[in-house]
Amino acid sequence: MIAVGSEHDTERIAALGAEAERRFGRFIRESVNPGADDRDRSGKPLPRALLSEAGRLGLLGFSLPPEIGGEGRDKFEWGILVEEVSRLSRDTGLASVVDVNAGVAELLLGTGRPELAERYAAQMAVGNLICPPAAYESRDPFDYLTTACEVGGGWRLDGNKPFVGGAVFADAFLVYAKDKESGDILAFLVERGDEGVSVDPLPTMGLRSMGFGSLSLDDVHLPADRLVVGADALSTMNTYLRNRRLITACAVVGHMRALFDACMLALDDRQRGGRVVVEFPNVQRTVGEIFVALEASQAIVYRALATTYGSRDQFFDPVSTAAKQFVAEQAIKVGMAVMNLHGGQGYMGQHPWERYMRDALGLIGGQGAQELLLIQLGQHAAFEITRRRHS
């Protein structure tokens, strides 16, 4: 395990930041950032051309194995890269879409089926195919209304997934459905062009460029080889969420860093009563509070990234879960503090402060609601105490 805070680790993080700038900085500043504000105002999703270019540059395949065209970089390196990309990008949806795609590609590779690797995962690594998961139904998975039924040597799917990130520009979906016969949860690859598949755009408060949409499945017939996980698909989803929570926290730290820098630059140009605003003690106190939130968030994220080098529970990582829960709380706290510092400007759409706040609020429910994460962490802590007592 990396000793977080060691000289070697600090140098490695700095080197990864420099690599992110060298390889992706120009692309983000010249191609992603110019249209970011307009996409947010109009609710337009990320253009597929941008995602294809991100694939060509190696961003989509950075953490994926070389055998499918990736670079095979580990989770620590991926997390630091995502943080830096998020800091550089004015489009908060970019890093999320990239990580969602990488996470599903990893899941497909984990099945050990070469045909899935070649047909889907390899295309995802180079930006030719976007495939988000379609699991959410605002109900317990074993109460899913999306169902699968084995028919004629294949499968029939019916149902609706009301909230899918990247649905508007996705080429395929990893759909979780309840098997009518066994009641188990299964996972299927559904392609956008399959008969009976339709996608409707879904307006959201924030993260508008992520292309949220609802996925409808009306008598969709799939060949047998589209069944990806034939038993206990929820376990694979938990493995996906274990990493997704961690990388989400990395992305949020990057956005927080960018917000802090922008906030300080804006305050430096403002005066009240002939004095620079940042000279007032109450402003300095708030800035200090933001600084503490940012440093603490970065520390817990780096700690969680370091634990990826040790043995981890396949389905639940308490450190990553704690990192996501904590960073989400701090992100909202920082957003409120920045809006207060900027007064009326904090409410104006022409400035980044209100947009950051809308995006940050999306963290409350992402990868498990905040309350759910606390419950899971409490259950884990209680179990560990009991286990140690009886060992």
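This is a predicted model: local features need pLDDT of at least 70, side-chain atom pairs count only at pLDDT 80 or more; totals for chains, interfaces and linings use all residues.

Modeller: Arg245 sits in helix α7, which spans residues 233-268. The residue is buried, yet it has no salt bridge. Asp317 is the nearest side chain of opposite charge, and it is 8.9 Å away. A salt bridge would need a side-chain nitrogen within 4 Å of a carboxyl oxygen.

Now widen the view to the nonpolar cores. The largest nonpolar core has 99 residues. Helix α7 gives the most to this core, with 17 residues. Within the core, Trp78, Leu174 and Tyr176 have the most contacts. Take Tyr176. Leaving aside neighbours within four places in sequence, Tyr176 is in contact with residues including Leu107, Ala134, Ala135, Tyr144 and Ile185. Also among its contacts are Ala233, Thr236 and Met237. A second, separate core has 20 residues, among them Leu157, Val199, Val220 and Leu227. In soluble globular proteins, nonpolar side chains tend to be buried together.

Next, helix α9, residues 318-341, where Phe326 lies. Phe326 is partly exposed, with a relative accessible area of 28%. Not counting residues up to four places away in sequence, Phe326 touches Ala296, Ser297 and Ile300. From Phe326 to Ala54 is 272 residues in sequence and 30 Å in space, C-alpha to C-alpha.

Ala54 leads on to helix α3, residues 48-57. The buried residues of α3 are Leu50, Leu51, Ala54 and Gly55. Seen down the helix axis, these buried residues fall within an arc of 140°, so they line one face of α3. An α-helix has 3.6 residues a turn, so residues three or four places apart point the same way. On the other side of α3, Ala49 and Arg56 are exposed. Just after α3 comes Gly58, with a positive phi of about 100°.

Last, confidence. The protein chain has a mean pLDDT of 92, and 98% of its residues reach 70 or more. Among the elements, strand β7, residues 213-223, has the highest mean pLDDT, 98. Strand β9, residues 271-272, has the lowest, 80.

Note on methods. Residues are numbered from 1 along each chain as its sequence is written. Side-chain values use heavy atoms; hydrogens and water are left out. Helices (H or I, at least four residues) and strands (E, at least two) are DSSP runs, numbered from the N terminus. Buried means under 20% relative accessible area, exposed over 50%, partly exposed in between (1.4 Å probe, protein chains only). Lys and Arg count as positive and Asp and Glu as negative; His and the chain ends are not counted. The arc is that of the directions from the helix axis to the C-beta atoms. pLDDT is the predictor's confidence in each residue, from 0 to 100. Contact means heavy atoms within 4.5 Å. A nonpolar core is a set of buried Ala, Val, Leu, Ile, Met, Phe, Trp, Tyr and Cys residues joined through side-chain atoms within 4.5 Å.
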